[in-house]
Amino acid sequence: MDEFEIEAVAEPELTDPVLVEGLPGVGHVGKLAAEHLVEERDGRLVRRVYSTHLPPQVSVDEGLTQLACAEVHAVETDGQDLLVLTGDHQAQDTVGHYGLAGAFLDLAEDLDAERVFALGGVPTGELIEEYDVIGAVNTADRRDPLEAAGVEFRDEEPAGGIVGVSGLLLGLGERRDLPAACLMGETSGYLVDPKSAQAVLETLQELLGFEVDFSSLESRAEEMEEVVGKIQEMQSQ
């Protein structure tokens with residue numbers, strides 16, 4: 001097996017698609033948002049990306065195994081068509097992060113993606129009620145549309161910058177003249193956060209002109225609120 005391999009599963013017919021990345025990270029915000037898009041909009045698997053820098057394991061579903069990989073699903077919407085990238089893992093080392101981000105940009109260009117949105121979370125260190133979405137862009141002309149959609153740009157935030165694939169898609173995308181933006185939902189950073197994922201998706205759908213049902217995310221948010229309530233009760237005692 002090569003260090004990085006892209007498997008073509010199907011050839012989508014999309015018009016001016018946008019690559020949307022949501023891999024595991026803070027609060028699993030990006031992963032939740034990406035998986036929700038794929039499930040609610042009946043995404044079709046078109047690419048798998050394998051790497052020796054991913055964890056040495058397989059997932060098991062009803063006894064059937066699948067080597068660790070990232071997946072890209074084609075999602076047709078009533079607005080902008082999407083190539084949604086998600087998976088269960090990020091790379092285990094710096095070389096792997098760079099290599100995977102490069103492979104993701106390669107397939108984006110191969111499938112004629114015109115821009116990139118990376119989705120993730122930014123930790124606040126405390127439980128919150130209102131979920132703001134913080135943005136970053138690799139080209140100055142992308143800032144105004146995001147601000148018009150309610151995205152906030154804050155000085156020196158997120159602290160320490162954007163790590164992992166989400167940050168590299170912006171950095172390496174700039175070197176390829178591929179416009180990219182990162183949408184980061186505020187989250188405590190302690191728990192899986194469906195509410196933050198919904199805030200990020202609501203912003204993305206406004207930017208790209210599609211609609212998605214949030215019922216299942218809202219149900220998961222209610223379950224997490226029960227967990228948080230129990231934690232707060234234990235802390236008060």
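**Entry 1: Asp112**

I started with Asp112, which sits in the loop between H2 and E8. My labels for helices (H or I, at least four residues) and strands (E, at least two) are DSSP runs, numbered from the N terminus. I looked up phi for Asp112 and got a value near 65°, which is positive in a residue other than glycine. Asp112 is exposed, with a relative accessible area of 57%. For the record, buried means under 20% relative accessible area, exposed means over 50%, and partly exposed is in between (1.4 Å probe, protein chains only).

A note to myself on the source: this is a predicted model, where local features need pLDDT of at least 70 and side-chain atom pairs count only at pLDDT 80 or more, while totals for chains, interfaces and linings use all residues. Residues are numbered from 1 along each chain as its sequence is written, and side-chain values use heavy atoms, with hydrogens and water left out.

**Entry 2: Asp177**

Next I checked Asp177, in the loop between H4 and E10. Asp177 also isn't a glycine, and its phi is positive at about 60°. Is Asp177 buried or exposed? I found it exposed, with a relative accessible area of 71%.

**Entry 3: Pro158**

I then went looking at a peptide bond: the one joining Glu157 and Pro158 is cis, with omega about 5°. Pro158 belongs to the loop between helix H3 (143–148) and H4. With a relative accessible area of 16%, Pro158 is buried. Which residues does Pro158 touch, leaving aside its neighbours within four places in sequence? I got Val122 and Met184, where contact means heavy atoms within 4.5 Å. I also took a distance from Pro158 to Val137: they are 21 residues apart in sequence and 13 Å apart in space, C-alpha to C-alpha.

**Entry 4: His89 and Gln90**

I moved to the loop between strand E7 (82–87) and helix H2 (94–110), where Gln90 lies. His89 has its place in the loop between E7 and H2 too.

For Gln90 I looked at polar contacts (pairs of N or O atoms within 3.5 Å; within protein, one must be able to donate a hydrogen and the other to accept it, and residues adjacent in sequence count only if both atoms are side-chain atoms). A polar atom of the Gln90 side chain is 3.0 Å from the backbone oxygen of Pro24. The Gln90 side chain also reaches the backbone nitrogen of Val165, at 3.2 Å. Setting aside neighbours within four places in sequence, I listed the contacts of Gln90 as Leu23, Pro24, Leu54, Pro55, His97, Gly164 and Val165.

With neighbours set aside in that way, His89 is in contact with Leu23, Pro24, Leu54, Pro55, Gln57 and Ala68. I noted Lys31 as well: His89 and Lys31 are 58 residues apart in sequence, and 9.9 Å apart in space, C-alpha to C-alpha.

**Entry 5: pockets**

On a 1 Å grid over the protein atoms alone, a pocket is an open set of points with protein on both sides within 12 Å along at least five of seven lines, where a 1.4 Å probe fits; lining residues have an atom within 4 Å of a point. Grid points are joined across faces, edges and corners, and a volume is the space filled by probe spheres set on the points.

The largest pocket has a volume of about 370 Å³. Of its 24 lining residues, Gly25, Val26, Gly121, Ile162 and Val163 are the closest to the centre. Which element gives the most to this lining? It's E8, with five residues. By class I got 14 nonpolar, eight polar and two charged residues. Here Ala, Val, Leu, Ile, Met, Phe, Trp, Tyr, Cys and Pro count as nonpolar, Asp, Glu, Lys and Arg as charged, and the others, Gly among them, as polar.

The second largest pocket comes to about 320 Å³. Its lining has 15 residues, and those closest to the centre are Leu127, Ile128, Tyr131, Glu225 and Val228. H6 supplies the largest share, five residues. I sorted this lining into nine nonpolar, two polar and four charged.

**Entry 6: the whole chain**

I finished with the overall picture. The protein chain has six helices and 10 strands. Of its 237 residues, 51% are buried. Among contacts between residues at least 6 apart in sequence, 78% join residues at least 24 apart. The C-alpha atoms fill a box of roughly 55 × 50 × 35 Å, taken along the principal axes.
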